[in-house]
Amino acid sequence: MRGFELVSNVEGGKIPERGSKASAGYDISIITGATIAPGEVKVFNTGVKAYMNDDEFLSLHVRSSVGIKMGLILANITGIIDSDYYNNESNEGHIMVALHNISNKEVVVEDGMRVCQGIFTKYLTVANDASDKTRVGGIGSTN
């Protein structure tokens, strides 16, 4: 099973939806917009978290219209949300989106704008995998 939920301590989140019945990705919206200067990176709250099976992850990709028309990319190019990020003790699994303005002009990101899409994907592990670490948060939490 997989899906999205709202984060309990953040208001304004919207459950992601697919744009059409054949869409692979679920459009993810930010809550509060901002102006991003050329070369600048800004992090935006979505107010959502994702749950999925242990052998799955959610990959985040900038929406075509945001990249092509606005000159914005994800700061980490592709975001990876692991299954154990859900309900972690640090931030409840809140998905944050870091946008990097690679254009030569200021870009206005509007409140509630759909900026990226999330695609659920299965993955494989190697036969001698022995990881037993526990996640406690987001970026850098597993060292």
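Read along the sequence, the protein chain follows the pattern β-β-β-β-β-β-β-α-β-β-β-β-β. Its radius of gyration is 16 Å, close to the 15 Å that the globule rule gives for 143 residues, so the chain is as compact as a globular protein of that length. (The radius is taken over C-alpha atoms, and the rule is 2.2 Å times the number of residues to the power 0.38.) The model is predicted: local features need pLDDT of at least 70, side-chain atom pairs count only at pLDDT 80 or more, and totals for chains, interfaces and linings use all residues. Residues are numbered from 1 along each chain as its sequence is written, and side-chain values use heavy atoms, with hydrogens and water left out.

**The chain as a whole**

- The secondary structure comes to one helix and 12 strands; helices (H or I, at least four residues) and strands (E, at least two) are DSSP runs, numbered from the N terminus.
- The C-alpha trace spans about 50 × 35 × 30 Å along its principal axes.
- Of the 143 residues, 37% count as buried; buried means under 20% relative accessible area, exposed means over 50%, and partly exposed is in between (1.4 Å probe, protein chains only).
- The accessible surface is about 8,500 Å², and 50% of it belongs to carbon and sulfur atoms; such areas come from the Shrake-Rupley method with a 1.4 Å probe, and for residues only the protein chains shown count as cover.
- Among contacts with a separation of 6 or more, 74% are between residues 24 or more positions apart; contact means heavy atoms within 4.5 Å.
- The chain carries 13 positive and 17 negative side chains, and the centres of the two sets lie 9 Å apart. Lys and Arg count as positive and Asp and Glu as negative, while His and the chain ends are not counted. The place of a charge is taken as NZ of Lys, CZ of Arg, CG of Asp or CD of Glu.

- Strands of a sheet pair through backbone hydrogen bonds, either parallel or antiparallel.
- E7 (residues 56–62) and E9 run antiparallel and are joined by four bridges; two strands pair if DSSP finds at least two bridges between them.
- Across this pair, leucine 58 stands opposite isoleucine 81 in E9, and serine 59 stands opposite isoleucine 80 in E9.
- E9 has a covered face, made of Gly79 and Ile81, and an uncovered one, made of Ile80 and Asp82.

**Strand E10 and its partners**

- Five bridges join E10 to strand E5 (residues 41–45), and the two run antiparallel. Valine 41 has histidine 100 in E10 as its bridge partner.
- E8 is also antiparallel to E10, with three bridges between them. Here leucine 74 has leucine 99 in E10 as its bridge partner.

**The loop between E9 and E10**

- Serine 83 is found in the loop between strand E9 (79–82) and strand E10 (96–101). Serine 83 is buried, with a relative accessible area of 16%.
- Beyond its neighbours within four places in sequence, serine 83 is in contact with Met52, Asn53, Asp54 and Glu56.
- Tyrosine 86 lies in the loop between E9 and E10 and is partly exposed, at 25% relative accessible area.
- Leaving aside neighbours within four places in sequence, the contacts of tyrosine 86 are Glu5, Lys49, Ala50, Tyr51, Glu92 and Gly93.
- Asparagine 87 lies in the loop between E9 and E10. Asparagine 87 has a positive phi of about 55 degrees although it is not a glycine, and is partly exposed at 40%.

**Two exposed residues elsewhere**

- Isoleucine 77, in the loop between strand E8 (72–74) and E9, is exposed with a relative accessible area of 58%. Its phi is near 65 degrees, a positive value in a residue other than glycine.
- Alanine 130 is found in the segment after strand E12 (114–122) and counts as exposed at 65% relative accessibility.
- Alanine 130 and serine 8 are 122 residues apart along the chain, and their C-alpha atoms are separated by 33 Å.
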